[in-house]
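Colleague: I am new to this protein and would like to go through it with you. Please show it first.

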Amino acid sequence: MQRVSTTLRMRSGVLGALALLFAAGLTASPMMTAPAHAAYGPCNTTVKRTDGLGDGGNPGNHYKIPARTDNGLSCYMEYQTGSSNAVTALQRAIVSCYRGTYAANRINATGGADGVYGTGTVDAVRWLQANRLGVSADGDYGPATREQMQWPLYTEGGTYIACLNPPF
């Protein structure tokens with residue numbers, strides 16, 4: 001009787017371990033681990049967001065922000081991803097609003113605001129995320145990074161005013 005009870009416990013234990021391994025295998029599948037930003041699509045354009053201070057029908061001051069056609073500001077950029085104008089807007093924001101930091105220096109040292117999301121931009125974004133923005137430091141640009149960043153504010157004519165964190 002003792003031997004049967006031990007055998008049943010061993011079988012139950014093995015079956016339980018297999019069930020855990022199977023469940024772990026399902027949650028680690030590629031379908032379950034796709035990055036959250038994959039749902040947004042890469043940034044393929046920019047948009048001008050106004051600060052609402054215009055008068056007489058003029059849009060007023062504005063921010064130039066990476067965006068996705070038909071998806072607004074919900075987009076992402078990562079290594080070698082994003083349109084040239086979207087990447088340039090991000091790089092200019094880093095150089096203008098984080099002047100003197102490792103991030104701005106890294107952008108300037110690797111081609112400046114050249115529209116290429118290369119290793120310099122990845123390093124700059126990762127540094128900002130870790131040291132200024134308080135978001136996951138993965139080097140990818142997405143909604144969480146956008147919401148925490150400072151963005152350059154321009155007049156209607158394109159003159160730089162200041163860097164602010166607008167409520168997008």
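Colleague: Among contacts between residues at least 6 apart in sequence, what share joins residues at least 24 apart?
Modeller: This is a predicted model, in which local features need pLDDT of at least 70 and side-chain atom pairs count only at pLDDT 80 or more, while totals for chains, interfaces and linings use all residues. Residues are numbered from 1 along each chain as its sequence is written, and side-chain values use heavy atoms, with hydrogens and water left out. A contact means heavy atoms within 4.5 Å. Among contacts between residues at least 6 apart in sequence, the share that joins residues at least 24 apart is 54%.

Colleague: What percentage of the residues count as buried?
Modeller: Buried means under 20% relative accessible area, exposed over 50%, and partly exposed in between, with a 1.4 Å probe and protein chains only. The protein has 168 residues, and the buried part is 34%.

Colleague: How are helix α3 and helix α4 oriented to each other?
Modeller: Helix α3 covers residues 102-109 and helix α4 residues 119-133; their axes come within 8 Å and cross at roughly 175°. Axes here are lines fitted to C-alpha atoms, for helices over the stretch in contact, and angles run from 0 to 180 degrees between N-to-C directions. Angles under 35 degrees count as roughly parallel, over 145 as roughly antiparallel, 65 to 115 as roughly perpendicular and the rest as oblique. The crossing therefore makes α3, relative to α4, roughly antiparallel.

Colleague: Is glutamine 129 buried or exposed?
Modeller: Glutamine 129 sits in helix α4. Leaving out residues up to four places away in sequence, glutamine 129 touches Gly134, Val135, Ser136, Ala137, Asp138, Gly139, Asp140 and Thr145. Its relative accessibility is 1%, so glutamine 129 counts as buried.

Colleague: Which cysteine pairs with cysteine 43?
Modeller: A disulfide is a pair of cysteine sulfur atoms within 2.5 Å, and the structure holds two disulfides. Cysteine 43 lies in the loop between α1 (2-27) and β1 (45-50), and its partner, 32 residues apart, lies in the loop between β2 (62-67) and α2 (84-97). The sulfur atoms are 2.1 Å apart, and the partner is cysteine 75.

Colleague: What is the handedness of the disulfide of cysteine 97 and cysteine 163?
Modeller: The sulfur atoms of cysteine 97 and cysteine 163 are 2.0 Å apart. Cysteine 97 lies in helix α2 and cysteine 163 in strand β4 (residues 160-164), so the pair ties together parts that are 66 residues apart in sequence. The torsion about the S-S bond is about -85°, so this disulfide is left-handed.

Colleague: How far apart in space are asparagine 71 and glycine 41?
Modeller: Asparagine 71 lies in the loop between β2 and α2, and its relative accessible area of 33% makes asparagine 71 partly exposed. In sequence, asparagine 71 and glycine 41 are 30 residues apart; in space, C-alpha to C-alpha, the distance is 8.5 Å.

Methods: Helix = DSSP H or I, 4+ residues; strand = E, 2+ residues; numbered from the N terminus.
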